[in-house]
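Here's a quick briefing to read with the structure open beside you.

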Amino acid sequence: MKTQGPKSLLALIETCTSLNQLKQIHAKSIISGLSYNHFILTQIANSFLFPQSLNYATRILVQTQEPSIFIYNSMIKAYSQSETPFVALSMYNNMRVRENAVGDQFTYPFVFKACASELAMEKGREVHGVVVRIGFDSDRFLCSSLLNFYGVCGKIESARQVFDEFKAKDVVFWNAMIMGYARNGMALEACEVFREMVKVGEVAPNEGAVLALISACTVSKNLKLGREIHGYVRKEVTFGLSVKLGAAMVDLYAKCGCLDYAKRVFEGMPEKNSVVWNSLISGYSLNGFSREAIDLFKDMCFWDVKPDRYTISGCLSACAQTGAINLGNWVRKFAEKNGLWDEFIGTSLVDLYAKCGSIEAAREVFDQMDKKTVATWNTILSGYASNGQAGSAIELFDEMRKSGAIPDSITFLSILHACAHAGLVDKGKQYFDSMVKNDKITPKVEHYGCMVDLLGRAGLLKEARELIERMDIEPNVIVWGSLFNACSMHGDIEMGEWAADHIFNLEAMDGGSYVLLANMYAAAGRFDRVKAVRQAMVDASFCKLPGCSMIEIGDVVHEFLVADKTHPKSEEIYSVLDELSDKLKTVTGSMRLPALAGEHLEKVQGNLINLRSFSHGLHIPDCGATDSESHRNDLEIYLKVSFFP
DNA sequence: GTAGGGTTAG
């Protein structure tokens, strides 16, 4: 057999389709005395079989005596772009300790990239120190990735310092600074850097610069600035509206709620890839237009644009919002048939089933998922919470701890929510304290809202008030609303009015506050005041966005607004509601029973209030759940069992 | 002979 040189072995590596083939080529390179050829190892690490081949290359590296910086650089690069960037950092450590080498300027951009992916703040700062000591800090490649690292980690002042100290800025370096501001929601600062770049005139802004600017507007939801940039793109930009720029514009408008603009940009694009479609689909989904989102998905398929995992996630969350379980199941089947599955899709599916009240189906999907993110845990926990199964939520939370997953502030929000719904006051307090003390999570205003709700529902109004007074952040309308809700539930008009004052001060122009106040007076039987508040609403021309309930029967989603009479069977529906309302009154005896008797009573009482408010054209929002969410869940359960058996 | 940074969609 003819001895093969490195060139032909290289060509073979590119045609490899399995790890075994790769190993054969490696064996051949050993026979040919080329096993330590750096280039071959690099190619193996980065071959099409990535990341399997990367693993193999690592095993070779470990057995290699005195591996060169070249090999380390290739491996650090490969790992910094892999799913496990922390391995890049241990490779770097290994190089420093085992080889006693500091690397070269090719090493560090990837080390910073890995630090950025891992949000390894301390490590990054340490490496920054090393770089300064060796004197590599004049390398612009290295410094732009260092700048990017600080931007990703939210250390924008440090990023700015790197930016200011570096003189020979190229366009990528400028863009990294703009992107840094963009990530941190600082659109004005991003714009300022862009203007400075144009003013200095040493480099011309490229597509990346404009993309970073648009992204700055998207993150900070600065529609006004976004429109200006759109105008600038149309007038000044010579590179034209690329697919990327178009996608960014569609996303900007969609995230800002301007779907008509988003659609106009979308329709004006001659070339659309899946990213563009996904931006519009998730935009519709995000803004509550799930029907339109699904229709777009079908159009996308019609135009032969291949849906990806983002498409599926967007569609599933659209279905979850409207409770369109059948449509959701159809999307699921589509995804399964097309081999689209990952932890994000799984999480969307858990959310879909939980929001549709099929918590068992949600759990089934959850249990089948090998890879779970914090969001996956949070979704199932909040599913249990809103389905009133606090016990399961608590049990699962313990399991989460055991699995090694690290709870975040949303996890605690879900578990507090679960406790609040079940009236588990002591347990809730315990979680709140442990969150602060053991997990070092600073409570946000949402956590306080949950705690006030928890205490308030249990009738501990004084304690709820004291918690509000102890807060180190400004209470928002949710916090005051929860106290207010509790006051109306327990008939404490005086404290209720005190809370209402704060609500009006915070949201003077919000009609929702009026509805809350009217609800409190209604619950206390003060119908004279209800009338006065409603009149005040009319006088001020306030109109609360109506809470909307949807149920899916067969393949049709029925939508109900408060006091809605447009459904063809509305007369029958209302008579059932009245009947139910009466029956529930006999069960609970009173509208103002404190939520201490566990899940069942809580559920019955919650529905009674919702049913009452439904028929009165009022609705009491629930802590943490949107109007339409709690409204829908409650109504759905009752309409399903009683009216559509 | 071999290599490098930033940029959209959840």
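A helix's expected span is 1.5 Å times one less than its number of residues. Keep that in mind for helix 18 (residues 290–302), whose 13 residues reach 18 Å from first C-alpha to last, close to the 18 Å expected. One caveat before the details: this is a predicted model.

**Chain A overall**
- Chain A comes to 35 helices and two strands.
- It has 645 residues, and 45% of them count as buried.
- Take the contacts in chain A with a separation of 6 or more: 63% of them are between residues 24 or more positions apart.

**Helix 18**
- Which residues of helix 18 are buried? They are Ser-290, Ala-293, Ile-294, Leu-296, Phe-297 and Met-300.
- Looking down the axis of helix 18, you'd see these buried residues fall within an arc of 155 degrees, so they line one face of the helix.
- Just past the end of helix 18, Asp-304 has a positive phi of about 65 degrees.

**Helix 15**
- Helix 15 (residues 243–255) is where you'll find Ala-254.
- The end C-alpha atoms of helix 15 are 18 Å apart, which agrees with the 18 Å that its 13 residues should span at 1.5 Å a residue.
- This helix is mostly covered, with 11 of its 13 residues buried.
- Among those buried residues are Leu-245, Met-249, Val-250 and Tyr-253, along with Asp-251 and Lys-255.
- Packing against the buried residues of helix 15 are helix 13, helix 14, helix 16 (259–267) and helix 17.
- Why does Ala-254 count as buried? Ala-254 has 25 C-beta neighbours inside 10 Å, and the cut-off for buried is 20 or more.
- Leaving out residues up to four places away in sequence, Ala-254 touches Leu-259, Ala-262, Ser-279, Leu-280, Gly-283 and Leu-286.
- Ala-254 and Ala-536 are 282 residues apart in sequence and 35 Å apart in space, C-alpha to C-alpha.
- Just after helix 15, Gly-257 takes a positive phi of about 85 degrees.

**The nonpolar core**
- In soluble globular proteins, nonpolar side chains tend to be buried together.
- The largest nonpolar core here has 160 residues, and those with the most contacts inside it are Ile-178, Ala-190, Leu-213 and Leu-416.
- Ile-178 touches Ala-190 and Leu-213, and its other contacts include Val-193, Phe-194 and Ala-209, not counting residues up to four places away in sequence.

**Around the DNA**
- How many residues are around DNA strand B? There are 47, of which Val-172, Gly-208, Ala-247, Val-275 and Phe-344 come nearest.
- Sorted by class, the surface near DNA strand B has 19 nonpolar, 18 polar and 10 charged residues.
- Phe-344 and Asn-505 are 161 residues apart in sequence and 40 Å apart in space, C-alpha to C-alpha.
- Asn-505 lies in helix 30 (residues 493–506), and Asn-505 is exposed, with 11 other C-beta atoms within 10 Å.

**Two loops with positive phi**
- Leu-119 sits in the loop between helix 7 (108–118) and helix 8 (121–134).
- Phi of Leu-119 is near 50 degrees, a positive value in a residue other than glycine.
- Leu-119 is exposed, with 12 other C-beta atoms within 10 Å.
- Lys-221 is in the loop between helix 13 (207–220) and helix 14 (223–236), and its phi is also positive, near 50 degrees.
- Is Lys-221 buried or partly exposed? Lys-221 is partly exposed, with 13 other C-beta atoms within 10 Å.

**Leu-461**
- Leu-461 is found in helix 28 (residues 461–470).
- With 20 other C-beta atoms within 10 Å, Leu-461 is buried.
- Its contacts, leaving aside neighbours within four places in sequence, are Gly-456, Ala-486, Cys-487, His-490, Asp-492 and Met-495.
- Leu-461 and Glu-572 are 111 residues apart in sequence and 40 Å apart in space, C-alpha to C-alpha.

Terms used
Residues numbered from 1 in each chain as written. Chains lettered and ligands numbered in written order. Predicted model: local features only at pLDDT ≥ 70, side-chain atom pairs only at ≥ 80, totals over all residues. Helix = DSSP H or I, 4+ residues; strand = E, 2+ residues; numbered from the N terminus. Arc of directions from axis to C-beta. Core = buried A, V, L, I, M, F, W, Y, C linked by C-beta atoms within 7 Å. Contact = placed C-beta atoms within 7 Å. Near = placed C-beta within 6 Å. Nonpolar A, V, L, I, M, F, W, Y, C, P; charged D, E, K, R; others polar.
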